[in-house]
Amino acid sequence: MDYVNAFWIGGLICALVQILLDRTKLMPGRIMVLLVCTGAVLGFCNVYEPFQEFARAGASVPLLGFGNVLWQGVKEAVDNNGFLGIFQGGFKASAVGICAALVFGYIASFIFEPKMKK
């Protein structure tokens with residue numbers, strides 16, 4: 001049942017984002033920022049944790065999950081380091097994911113042909 005919940009909730013998030021892309025004039029970058037900020041706000045309101053327990057990877061993999069990870073890192077760093085934790089927490093919490101994205105993107109640039117021609 002975990003796989004089913006992850007599949008339909010992740011698909012619902014993607015469908016809602018696709019509707020935003022198709023029906024509004026919002027650029028993709030702004031929608032991505034909106035998703036990250038929404039995940040951080042839901043984490044702040046203590047709503048994201050129960051949602052993630054139910055949806056598992058369907059909620060943690062999309063950009064909503066990244067926003068929640070940033071929020072959790074900032075919250076933990078502020079508890080430990082005070083005001084400076086605001087600047088440290090997000091970087092520490094998301095460093096592994098960002099490094100993986102950069103490394104896999106770099107590897108993919110050698111494997112795949114660019115679609116844009118000069």
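Biologist: Where is the place of Asn68?

Modeller: Asn68 sits in helix α5, residues 63-81. Helices here are DSSP runs of H or I with at least four residues, strands are runs of E with at least two, and both are numbered from the N terminus. This is a predicted model, in which local features need pLDDT of at least 70 and side-chain atom pairs count only at pLDDT 80 or more, while totals for chains, interfaces and linings use all residues. Residues are numbered from 1 along each chain as its sequence is written, and side-chain values use heavy atoms, with hydrogens and water left out.

Biologist: Does Asn68 count as buried or exposed?

Modeller: Buried means under 20% relative accessible area, exposed means over 50%, and partly exposed lies in between (1.4 Å probe, protein chains only). Asn68 counts as buried because its relative accessibility is 5%.

Biologist: Which residues does Asn68 touch, not counting residues up to four places away in sequence?

Modeller: A contact means heavy atoms within 4.5 Å. On that basis Asn68 touches Gly39, Ala40, Gly43, Tyr48 and Gln52.

Biologist: What do the buried residues of α5 pack against?

Modeller: An α-helix has 3.6 residues a turn, so residues three or four places apart point the same way. In α5 the buried residues are Leu64, Gly65, Gly67, Asn68, Gly73 and Ala77. They pack against α1, α2, α3, α4 and α6 (85-111).

Biologist: How many residues has α5, and what is its reach from first C-alpha to last?

Modeller: The expected span of a helix is 1.5 Å times one less than its number of residues. Helix α5 has 19 residues and reaches 27 Å, close to the 27 Å expected. Just after α5, Gly82 takes a positive phi of about 75°.

Biologist: Which residues make up the largest nonpolar core?

Modeller: A nonpolar core is a set of buried Ala, Val, Leu, Ile, Met, Phe, Trp, Tyr and Cys residues joined through side-chain atoms within 4.5 Å. The largest one here has nine residues: Ile9, Ile13, Val17, Ile31, Leu35, Tyr48, Ala55, Ala59 and Leu64. Two or more of them come from each of α1 (2-23), α2 (28-44) and α3 (48-55). Helix α1 gives the most, with three residues.

Biologist: Is Arg56 buried or partly exposed?

Modeller: Arg56 is partly exposed, because its relative accessible area is 40%. Arg56 is found in the loop between α3 and α4 (57-60).
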